Amino acid sequence: MQRIPEEKIDEIRSQVDIVDVVGNYVQLKKQGRNYTGLCPFHGEKTPSFSVSPEKQIFHCFGCGKGGNVFSFLMQIDGLSFVESVKKVADLAHIPLDVAISQGDSSPGNKPDSQESKMIEIHQLASKLYHYLLMETEEGQEALQYLLDRGMSEQELDHFEIGFAPAHASTVTTFLKKREVDLALAVESGLLTERDDGEVVDRFRNRIMFPIKNDRGQLVGFSGRLFNQEDGPKYLNSPETPIFNKRNILYHFSDARQEIRKKEEILLLEGYMDVISSVSATFSNGVASMGTSLTEEHVQMIRRVTNRAIICYDGDRAGIEASFKAGTMLAEQHRLEVFVLQLPNGKDPDDFIRSEGAEKFAEIYTHQRLTWTAFKLQFFKRNRNLQNETDKIAYLGEALAEIGKLDQAVERELYLKQLGSEFDLSMEALKQQLQQTVVVKPKPHDYGGPPPESYGEYPSYEGDGGPVYEQFSFAQPSGVPSAGLTSEKRLLKYMLEDRDAFIQIRNLLEEHQTDFYHDNYKALYTHLIGFYASGNDANPLALMDQLKDDMARNLVSELEMMTVNTDVSIEEYQDYVQSLTKSSIERDIKEKEQALLTATQQGDMPVALELARTITTMRATMKNTPN
């Protein structure tokens, strides 16, 4: 593994703000001195993930993960340490002439792991598919089909679209020649095994769309029929260790930066819709893998934005899918939702290709429907408004929806629209609205920072109107023992001050005591080696040297603690004595248990000796200062 000089690592780290890097993956909101958001490493509804610009670290109080900018990229993108340094150097525009060695690995993402090999196999296949489409006579028909649909060669290159020939063994033979493990290729979903044991290509005679996960890793394909009716229109990779449709949004990793820039995500139905939207300069577009929006998809979206623009196909199925997705986003997860309805029921791809990017931009910007406006239209779909019964039923549904709105101005606007449409007075509508019993549920715990337009969330109590709940940061639960608190504070001081480390170490040796918890004891051992190597106090540099995730997480947790900076050696001594007292208490409990056992067994000599020992230990503890 090629080593990068420590001074170069320090330079690279100092040139990039961790808030900017993490902000590409997590929607962050300023709260006090830190930034908070939903943790990208575990599912949560209340934010427990914190980033400190002052300390340049992150820590999640929910799952415990933490570290600096390098360890964040190692965990979120599955990079090695050298790869993460290289990525940060690129972000900072700092030249770093380092070749990434195959031997360079990080815990949980070793280059020789099965999942990494599966990803490499997919990358090889993707290059082959793209070459077959763009450069061979065999792919000419598929290429012409795509060009006739209005796609450019630049788009085909950008999205790495390819072609799988009709032959049963094109990819299989290609991988054999490169000595790829075919059994692993089968497990990855790229190949399939027949009943007779023969391994063949899964995808044949299809246009191939490479699918990346949220880390930008190629994990699957979707193959589209183009010149025959046999078989499903789209064939996706099967569920594998690296591919799960519930966790994947097409184009999400590439769209993330544009989503943050626009502060909204464009939800589309198909791959071609996404490609066309990107050509129309709407690079914030993503699509689910032929499935309805899932909870996992929503969690991904909420980490990067609070606003979703739904633009599904204009047919009946697309409208119903829009309603289902919007309900999940707006009413279950409290995102701000808008819906685009394209003229004549066209899908986004057809509309952009036929009407042009400017017309799409006009609808996107100026003709988007609010979620309430879309619902009011949706409720009309199956009603005959010339029929009095249907009309009254619709008005009841509409008023129920309007009654859920928080803002008086919004309610007034939609009431005026209803009055104008049905020739009803505002007085009658308002009277009916007051009589309409609307059960307003307490809002779903919001998992992301609130929109900038408001910092509170409305809940409802009776008829008294909205009662606002302050957005709060989840704190770790439980009250730590005095011994645990002392361990944390001592390690915190030792992390941040070399002189404090020396003083506390001397006190620990003088009192013949040590840290009790294994991970704290391990971090203390790391600190001894770190300072013995001549390093000054530098928690960020220490994190880079720690191979143990638990130790790195502990450093980030300690760095998030707020303690008195003006501390004396007497305070250190109090904490060390607390450790001693806690140690004696644990020993007494062990002896008491042994005394109980000896008494039950009738071993009186042992019982008497244990009783004397316990008395002595209690006296010692009593004389130990608090």
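Reply: Let us begin with a definition: helices (H or I, at least four residues) and strands (E, at least two) are DSSP runs, numbered from the N terminus. This is a predicted model, in which local features need pLDDT of at least 70 and side-chain atom pairs count only at pLDDT 80 or more, while totals for chains, interfaces and linings use all residues. Residues are numbered from 1 along each chain as its sequence is written, and side-chain values use heavy atoms, with hydrogens and water left out.

Me: In which helix does His130 lie, and is His130 buried or exposed?
Reply: His130 lies in helix α5. Buried means under 20% relative accessible area, exposed over 50%, and partly exposed in between (1.4 Å probe, protein chains only). Because the relative accessible area of His130 is 18%, His130 counts as buried.

Me: Which residues does His130 touch, not counting residues up to four places away in sequence?
Reply: Contact means heavy atoms within 4.5 Å. With residues up to four places away in sequence left out, His130 touches Leu156, Asp157, Glu160, Ile161 and Gly162.

Me: What is the order of the open sheet of 4 strands, and which are its edge strands?
Reply: Two strands pair if DSSP finds at least two bridges between them. The order of this open sheet is β6-β9-β10-β11, with antiparallel pairing. An edge strand here pairs on one side only, and the two that do so are β6 (162–164) and β11 (234–236).

Me: What angle does the direction of helix α5 make with that of β10?
Reply: Axes are lines fitted to C-alpha atoms, for helices over the stretch in contact, and angles run from 0 to 180 degrees between N-to-C directions. Helix α5 (residues 114–135) packs on the sheet and touches β6, β9 and β10, and its direction makes with that of β10 an angle of about 35°.

Me: How many bridges join strand β2 to strand β3?
Reply: These strands belong to an open sheet of 5 strands with the order β1-β2-β3-β4-β5 and antiparallel pairing. Gly37 has Phe49 in β3 as its bridge partner. Between β2 (residues 34–37) and β3 (residues 49–52), which run antiparallel, the number of bridges is 3.

Me: Which helix packs on this sheet, touching β2, β3, β4 and β5?
Reply: The direction of the helix makes about 100° with that of β4 (57–60). The helix covers residues 549–560 and is α24.

Me: Which side chain does the side chain of Arg552 join in a polar contact of 2.6 Å?
Reply: Arg552 lies in helix α24, and with a relative accessible area of 5% it is buried. A polar contact is a pair of N or O atoms within 3.5 Å; within protein, one must be able to donate a hydrogen and the other to accept it, and residues adjacent in sequence count only if both atoms are side-chain atoms. The partner of Arg552 in this contact of 2.6 Å is Asp549.
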